[in-house]
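Here is a briefing on the structure below.

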Amino acid sequence: MSVAGNLEERGRLARRRSTRAAENVLTNGMLVVGAWFWGTIILTSVVIAAVQGWFGGLDGGTLQYTLGSARWFMFSLGLILATTTLPMHLAAGGTRRSFVDGLIRSSVFVGLATGIVTAVLLLIEELAWGAIGWDWQFSQGLVPEGSFAVTAASETLVIATYILIGAMLPAGYQRFGAWGGSLWVLALLFLVIFVDWAVHTGYVFGWDTLADAGPGRTLLGLGGGVLAVAIASFGVDRLYRGVSLRSTIG
Amino acid sequence: MSIAPFGAALDSVAVHYPTSWRMTQQGTVARETGGTALDGATCTFPAGAITGLLGRNGAGKTTMIGLLAGFRRPTSGTVRVGPEGYERDPWENPAIVSGVQVVRESGDVMPDEKVGVTLRHYGAVRPEWDADYAERLLDLFEVDTRKNPASLSRGKRSALGATIGLASRAPLTIFDEVYLGMDAPTRYAFYDELLKDYAEHPRTIILSSHLVGETERLFEHVVVVDRGRVLLAEPAEDMRARGTSLTGNATAVDHLAAGHRLLHRQELGPTVMVTVEGSLAEQEAAEAADSGVQVGSVPLQDLFVHLTSTTAQKESER
């Protein structure tokens with residue numbers, strides 16, 4: 001093979017290898033720390049349920065109130081892991097493009113894992129409440145009576161968006177400076193509110209049961225979630241593809 | 001798929017840093033003041049050679065290395081890296097950056113994960129990574145793989161960086177002040193290992209160093225950077241021939257030095273030692289022998305000090 005052909009083949013393989021490596025390192029980091037988070041949440045939920053049960057029963061459930069904090073936790077992980085992993089990824093011979101691809105795939109994968117865990121936990125909670133004889137309710141989400149698939153899909157989209165928004169925050173400061181970076185935070189906040197509204201969860205929209213629930217609103221909500229992931233992915237790509245590493249002037 | 005060693009070239013490269021903000025590893029935001037790091041730098045790093053990249057603190061070495069690795073783009077000018085005749089812009093070029101390994105002082109490791117996790121990541125990305133060799137090097141440098149890099153001493157972290165650099169077997173491997181914190185036996189073990197592996201697996205190596213005296217035996221080519229400009233880029237032999245030391249009676253030494261650019265002068269009672277640029281002509285050498293003046297070569301370290309301090313002096317005289 002000619003040198004030029006050799007280089008071309010090398011580039012193709014290198015991109016594939018480094019995308020997979022970025023995806024693995026980010027996914028593993030988020031899943032390991034996320035497992036601790038969910039362990040704590042489960043323990044806390046059980047303790048709260050036990051205490052509430054002791055004093056006269058629970059209204060609804062406990063897990064639904066943790067969904068708001070789970071996404072902000074993943075937002076923080078996105079912020080920290082993207083910031084700390086990029087320099088090593090570039091030093092190991094990766095490109096920004098492969099990092100962005102790995103980050104997006106990882107956010108969707110971790111979102112999916114979190115979505116499934118959330119849906120499973122809610123299902124277990126519903127069954128446990130029923131067995132004890134308590135009234136279980138789920139006021140968040142697109143389906144008021146609860147739906148495994150829709151809850152898993154909604155959380156997947158929300159968590160993926162939050163992880164990507166977390167990753168965009170420090171890159172925004174680097175790109176736009178102190179004032180521009182602060183304005184950028186406000187812009188990101190709009191995306192946060194949008195995805196929360198779309199799937200009707202979180203601290204702003206998750207308190208009351210969705211009024212106009214139905215198949216149409218569910219599709220619209222999930223579509224909105226997909227749009228939020230797409231916008232966040234585009235933002236991550238634009239911000240990270242031009243980012244420079246700078247340690248010191250030397 | 002083996003690939004030839006990479007060469008590199010910078011042509012009229014300038015890098016100006018604007019004042020910027022960055023997120024630290026602790027999650028806080030830090031302000032970085034701007035400045036000019038490189039100002040019209042032009043030089044080449046020949047393929048398949050060990051090049052010493054020398055310069056004082058803040059001379060622009062790290063910025064130059066960052067350009068070669070595609071960590072950043074120049075403000076102006078061009079940067080080309082690749083196999084001889086196929087050099088390309090490294091920025092976002094996977095074929096090129098996958099062949100450039102930079103070991104920076106910061107380490108570029110996962111500080112809170114076990115050493116093995118970082119090495120596995122490098123192994124997953126680097127096409128030429130040799131995991132067995134990495135293991136042998138960690139044994140040699142006595143790095144405990146069960147520990148996290150954050151809990152290693154500075155010297156051991158540097159040894160980990162050296163291991164990553166050597167085991168990557170990248171066509172262009174760059175060590176940026178990799179010896180910091182290493183004790184003398186580890187540094188010499190690293191230099192020996194570098195030469196041995198370089199002989200067995202020829203590639204291009206750039207060694208950025210302050211410890212010129214210790215590393216000069218490794219250099220086949222030298223690039224000296226000062227205040228963002230390239231002072232010289234040439235074979236190490238040519239640089240060594242740039243200076244001559246004359247030691248002897250003050251009058252005789254001064255007479256011989258008169259036709260040359262004086263780089264350094266030191267008086268020890270009636271004896272004077274000067275360093276002059278270039279070598280002596282045949283007639284001058286004979287004259288030196290007649291007048292009892294000792295003629296010697298100048299170590300790279302001394303030449304480096306003289307060259308960069310002369311530039312600094314000129315700048316301050318402006």
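B:Asp197 counts as buried, at 2% relative accessibility (buried is under 20% relative accessible area, exposed over 50%, partly exposed in between; 1.4 Å probe, protein chains only). The side chain of B:Asp197 meets that of B:Arg203 in a salt bridge, 2.9 Å from N to O (a side-chain nitrogen of Lys or Arg within 4 Å of a carboxyl oxygen of Asp or Glu). B:Arg203 is buried as well, with 2% relative accessibility.

This is a predicted model, in which local features need pLDDT of at least 70, side-chain atom pairs count only at pLDDT 80 or more, and totals for chains, interfaces and linings use all residues. Residues are numbered from 1 along each chain as its sequence is written, chains are lettered from A in the order in which they are written, and side-chain values use heavy atoms, with hydrogens and water left out.

**Salt bridges in chain B**
- Over all chains, the structure holds 26 salt bridges.
- B:Asp144 pairs with B:Arg146, with the closest N and O atoms 3.2 Å apart. B:Asp144 is partly exposed at 26%, whereas B:Arg146 is exposed at 64%.
- B:Glu237 bridges to B:Arg240 at 2.9 Å between the closest N and O atoms. The two are about one helical turn apart, because they sit three residues apart in helix 8 (residues 236-240) of chain B. Helices (H or I, at least four residues) and strands (E, at least two) are DSSP runs, numbered from the N terminus.
- B:Glu237 is exposed, at 54%; B:Arg240 is partly exposed, at 23%.

**Domains of chain B**
- Chain B splits into domain 1 (6-235) and domain 2 (239-317), with bounds from an automatic or database domain assignment.
- Their C-alpha centres are 34 Å apart. Contact (heavy atoms within 4.5 Å) takes 18 residues from domain 1 of chain B and 13 residues from domain 2 of chain B.
- The two domains bury about 1,300 Å² between them, with 59% from carbon and sulfur atoms. Buried area is the accessible area (1.4 Å probe) that two parts lose on being put together, summed over both.
- On the domain 1 side, B:Arg56, B:Glu216 and B:Arg227 lose the most area to domain 2, together 32% of what that side buries.
- Two salt bridges are counted between the domains. B:Glu216 also meets B:Arg240 in a salt bridge, 3.7 Å from N to O.

**Strands of chain B**
- B:His221 has B:Pro235 of strand 11 as its bridge partner.
- Two residues lie between these strands in the hairpin, where B:Arg227 takes a positive phi near 50°.
- B:Gln294 is in strand 15 (residues 294-297) of chain B and is exposed at 58%. Beyond four places in sequence, B:Gln294 contacts B:Ser245, B:Leu246 and B:Thr247.

**Chain A with chain B**
- The contact draws 45 residues from chain A and 55 residues from chain B.
- Chains A and B bury about 4,100 Å² between them, 62% of it from carbon and sulfur atoms.
- Three salt bridges are counted between the two chains. B:Glu92 forms a salt bridge with A:Arg241, with the closest N and O atoms 3.8 Å apart.

Note on methods:
Pairing = 2+ DSSP bridges.
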